[in-house]
Amino acid sequence: FIHAADLHLGSPFRGLATKDAAVAQRFAEATRTAFSNLVEQAIELKVDFVVIAGDVYDGEWRDNAIGLFFNRQVARLDRAQIPVFVLKGNHDADSVVTKSVTLPASVQQFETRKPSTFRLDTLKVALHGQGFTDRATSDNLALGYPAPVPGWFNIGVLHTSLTGRPPHDTYSPCAVPDLVSRGYDYWALGHVHEFEIVARDPAIVFPGNLQGRSVRETGAKGAVLVTVVDNQVRGIERLIVDEARWHEFAIDLAGLETQPDLW
């Protein structure tokens with residue numbers, strides 16, 4: 001399966017636009033293209049399902065174009081018989097995104113008032129999650145997640161900062177032992193924009209965001225492909241799908257005394 005998070009579709013890039021409108025437009029388009037690239041990868045790889053752990057949208061829609069774009073992309077997955085499980089994070093919480101479009105029946109959204117569970121009977125996979133009801137969720141949601149389904153591969157889906165991942169805001173804080181205590185086999189996390197395998201047993205993973213959004217988010221971006229055999233995680237592989245990329249370069253200024261010397 002593919003585990004993705006933090007698509008931030010519709011990100012306005014206002015700060016960047018004041019400095020360079022053309023670059024801002026390029027990154028706005030890249031945010032959408034990155035998700036299209038991910039959908040293409042999912043279809044080519046014939047994955048069993050896709051999990052999106054929060055922040056599909058960057059915030060309230062200015063119009064329906066962003067929602068319609070997302071709908072077109074998940075419809076491609078629907079035609080390929082690849083179900084999608086979506087959890088709402090702080091940017092697309094119930095109180096933020098009020099407009100909606102009709103999504104395919106294969107797209108399932110976790111409840112926000114309490115944890116919910118989706119079962120894939122043929123695969124014996126259970127996905128447990130709870131989305132945000134508002135931007136600032138300070139409760140430890142993980143402690144309320146249900147017990148695992150015995151004998152199945154259990155996935156916890158959560159939008160969280162864990163015990164803190166600066167500069168990200170502290171939302172749905174929890175510790176690794178809280179996640180381990182649920183007895184799940186894999187934790188699909190979102191909110192933190194850097195790729196990180198927090199733990200291996202069980203696997204606790206931040207895939208990072210699909211597309212770098214500022215000079216603070218450098219390097220390759222994407223999702224992860226998770227391979228499971230006999231209810232054991234056998235592989236966690238990055239899928240790089242970004243369309244534009246920020247880099248940081250160090251320049252040796254030794255021997256240069258004035259700014260004109262630099263040029």
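## A paired hairpin

Strand 11 (residues 222–229) and strand 12 (residues 232–240) pair in the antiparallel sense, and eight bridges connect them. Within this pairing, Val 226 has Ile 236 in strand 12 as its bridge partner. The hairpin formed by strand 11 and strand 12 has two residues between the strands, and Asp 230 there takes a positive phi near 55°. In general, the side chains of a regular strand alternate between the two faces of the sheet.

## The chain as a whole

The structure described here is a predicted model. The chain contains five helices and twelve strands. Its C-alpha trace spans about 70 × 40 × 35 Å along the principal axes. The radius of gyration is 19 Å, which agrees with a compact globule, because a chain of 263 residues folded in that way would have a value near 18 Å.

Of the 263 residues, 51% count as buried. The accessible surface of the chain comes to about 12700 Å², and carbon and sulfur atoms account for 48% of that area. Among contacts between residues at least 6 apart in sequence, 67% join residues at least 24 apart.

## Helix 2

Helix 2 covers residues 21–45 and therefore has 25 residues. From its first C-alpha to its last, helix 2 reaches 36 Å, close to the 36 Å expected at 1.5 Å a residue. The residue that follows helix 2 is Lys 46, and its phi is positive, near 55°.

Several residues of helix 2 are buried, among them Ala 24, Phe 27, Ala 28, Phe 35, Leu 38 and Val 39. The buried residues of helix 2 also include Thr 31 and Ser 36.

## Salt bridges

Side chains of opposite charge can pair when their charged atoms come close. In this chain the count comes to three salt bridges. One of them joins Arg 76 and Glu 40, with the closest N and O atoms 2.4 Å apart. This pair links distant parts of the chain, since Arg 76 lies in helix 3 (residues 65–79) and Glu 40 in helix 2, 36 residues apart. Arg 76 is partly exposed, with a relative accessible area of 22%.

Glu 194 and Lys 221 also meet in a salt bridge through their side chains, at 3.3 Å from N to O. Glu 194 lies in the loop between strand 8 (186–190) and strand 9 (196–200), and Lys 221 in the loop between strand 10 (203–206) and strand 11, so the pair ties together parts that are 27 residues apart in sequence. Glu 194 is partly exposed, with a relative accessible area of 40%, whereas Lys 221 counts as buried at 2% relative accessibility.

A further salt bridge is formed by Arg 245 and Asp 242, whose closest N and O atoms are 2.8 Å apart. Arg 245 is partly exposed, with a relative accessible area of 37%. Asp 242 has a relative accessibility of 11% and therefore counts as buried, the cut-off being under 20%.

Notes
Residues numbered from 1 in each chain as written. Predicted model: local features only at pLDDT ≥ 70, side-chain atom pairs only at ≥ 80, totals over all residues. Heavy atoms only, no water. Helix = DSSP H or I, 4+ residues; strand = E, 2+ residues; numbered from the N terminus. Expected span 1.5 Å × (residues − 1). Buried < 20%, exposed > 50% of the residue type's maximum accessible area, 1.4 Å probe, protein only. Pairing = 2+ DSSP bridges. Rg over C-alpha atoms; globule rule 2.2 N^0.38 Å. Contact = heavy atoms within 4.5 Å. Areas by Shrake-Rupley, 256 points an atom, 1.4 Å probe, with all protein chains shown as cover. Salt bridge = Lys/Arg side-chain N within 4 Å of Asp/Glu carboxyl O.
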